[in-house]
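Morning, everyone. I'll walk you through one protein model today. Please have the viewer open.

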Amino acid sequence: MKGKDLSSLLSLKDELKKQAEEKERLRLKEEKRKKERRAQEMSKLGISKQTYAKNLANINLPKPAPLPLQTHKDNQAVLEDSLSDQIGIEHLLASDDRISYFQKGVAPNVPKLLHQGKWSIKGSLDLHGYTSDEAKQLLVLFLNEQRKAGHRAVRIIHGKGFGSVGRKPVLKEKVPVWLVQKKEVLAFVQAPEHDGGEGALLVLLSAP
């Protein structure tokens, strides 16, 4: 190795050593500053170092959060929900210019008022891309959550079925069947064009 190269190498080592020493000095300085600041804070609160150390030793570990039992029950209700896919609902639906339904005891004009926007839509569920079983569980869970939140009107997007196998509107046919079996569903109606038209339903829920 030439003398010039050796000199450059030694110079580089010295520089790296100085950088490392400076970094360590700054670290120790910052650590000292933090300790002093902590001591000042403790002093302001009238806490001695001995008391502080004692309290640290006696700190109780936080208790585990209680199990979300209600959430578990809700999820279990979804899994155990027995909504049928096979019941006939044609006699329950009005389908002159748009599909609609209202529960017994509900005023016949409620679906029309729902369609006209009497109740503002507070929640929306898009079922595109889900299987029938997945969509059913999501629907039940969604309705439970929306009702507990005090929301009266929601939107269910089931799609028009153009992306389904054989272009058959599976969810479009099944969602109304599921909805009429839910006692909290007072009425539903095909959504206006700006809210999804034939690919969605507006649903009115009973008060919680």
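Let's start with a definition: two strands pair if DSSP finds at least two bridges between them. Helices are DSSP runs of H or I with at least four residues, strands are runs of E with at least two, and both are numbered from the N terminus. Now the ground rules. This is a predicted model, where local features need pLDDT of at least 70 and side-chain atom pairs count only at pLDDT 80 or more, while totals for chains, interfaces and linings use all residues. Residues are numbered from 1 along each chain as its sequence is written, and side-chain values use heavy atoms, with hydrogens and water left out.

First, the overall layout. The protein has six helices and six strands. Along the sequence they follow the pattern α-α-α-β-β-α-β-α-β-α-β-β. Buried means under 20% relative accessible area, exposed means over 50%, and partly exposed is in between, using a 1.4 Å probe and protein chains only. Of the 208 residues, 27% count as buried. A contact means heavy atoms within 4.5 Å. Take contacts between residues at least 6 apart in sequence: 66% of them join residues at least 24 apart.

Next, the strands. Which way do β3 and β4 run relative to each other, parallel or antiparallel? Strand β3, residues 121-126, and strand β4, residues 153-157, run parallel, joined by five bridges. L125 stands opposite I156 in β4. In a regular strand the side chains alternate between the two faces of the sheet. Together, β3, α5 and β4 make a right-handed β-α-β unit.

Now follow the chain into α5. T131 lies in the loop between β3 and α5. T131 counts as partly exposed because its relative accessibility is 42%. T131 and V170 are 39 residues apart in sequence, and their C-alpha atoms are 9.4 Å apart in space. S132 is in helix α5. Is S132 buried or exposed? S132 is buried, because its relative accessible area is 18%. Its side chain makes a polar contact of 3.0 Å with the side chain of K174. A polar contact is a pair of N or O atoms within 3.5 Å; within protein, one must be able to donate a hydrogen and the other to accept it, and residues adjacent in sequence count only if both atoms are side-chain atoms.

Move along the helix. R147 is also in α5, which covers residues 132-148. R147 has a relative accessible area of 28%, so R147 is partly exposed. Which residues does R147 contact, leaving aside neighbours within four places in sequence? They are E184, L205, S206, A207 and P208. R147 and P208 are 61 residues apart along the chain, yet their C-alpha atoms are separated by 5.7 Å.

H158 is found between β4 and α6, residues 170-179 being the helix. H158 is buried, because its relative accessible area is 6%. Not counting residues up to four places away in sequence, H158 touches L171, K172, V175, E198, G199, A200 and L201. Two of those names come back in α6, where L171, V175, P176, V177, W178 and L179 are buried. What covers them includes β2 (99-102), α5, β4, β5 (185-190) and β6 (200-205).

Key:
A crossover is right-handed if, with the strands pointing away from the viewer, the path from the first strand over the helix to the second runs clockwise.
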